[in-house]
Amino acid sequence: MSDPLVRVVVLTFDGGQMTIDCLDSLLATDWPADKLEIVLVDNGSLDNVAERVGADYPQVRLREPFDNLGFAGGCSLGMRLPGDHEFTALVNNDATVDRNWL
């Protein structure tokens, strides 16, 4: 059985370096890169995290609703994006994950 495609949705609002640390830990996950989709939803941040991610993390799918949709609204936006994923995980931007968390 092959590994399923997993979408990981991270929501940020002025998360700055904490969000970058979260993304770095997700990208270091011991899961096939072609089976891991990371979506960052920037919930109207005023910091520059969206610009940093857009410039330095091309493997992260960035969505900017340009409004604060709240936690549930931002997560729902990330989950509803089209894709072939079989599972979705929600990871808070103030968390880092172990390499083998999936």
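## The main core

The largest nonpolar core has 20 residues, and V8, V10, L23, L26, L40, V53 and V91 have the most contacts inside it. A nonpolar core here is a set of buried Ala, Val, Leu, Ile, Met, Phe, Trp, Tyr and Cys residues joined through side-chain atoms within 4.5 Å. Buried means under 20% relative accessible area, exposed means over 50%, and partly exposed lies in between (1.4 Å probe, protein chains only).

Two or more residues of this core come from each of β1 (6–12), α1 (16–27), β2 (36–42), α2 (49–56), β3 (60–63) and β4 (87–92). With four residues, α1 gives the most. Helices (H or I, at least four residues) and strands (E, at least two) are DSSP runs, numbered from the N terminus.

Which residues does L26 touch, leaving aside its neighbours within four places in sequence? They are V8, V10, L36, I38, V91, V97 and W101; contact means heavy atoms within 4.5 Å.

## The cysteines

The structure has zero disulfides (pairs of cysteine sulfur atoms within 2.5 Å). For C22, the nearest cysteine sulfur is that of C75, 12 Å away. C22 counts as buried because its relative accessibility is 0%, and C75 counts as buried because its own is 4%.

## About the model

This is a predicted model: local features need pLDDT of at least 70, side-chain atom pairs count only at pLDDT 80 or more, and totals for chains, interfaces and linings use all residues. Residues are numbered from 1 along each chain as its sequence is written, and side-chain values use heavy atoms, leaving out hydrogens and water.
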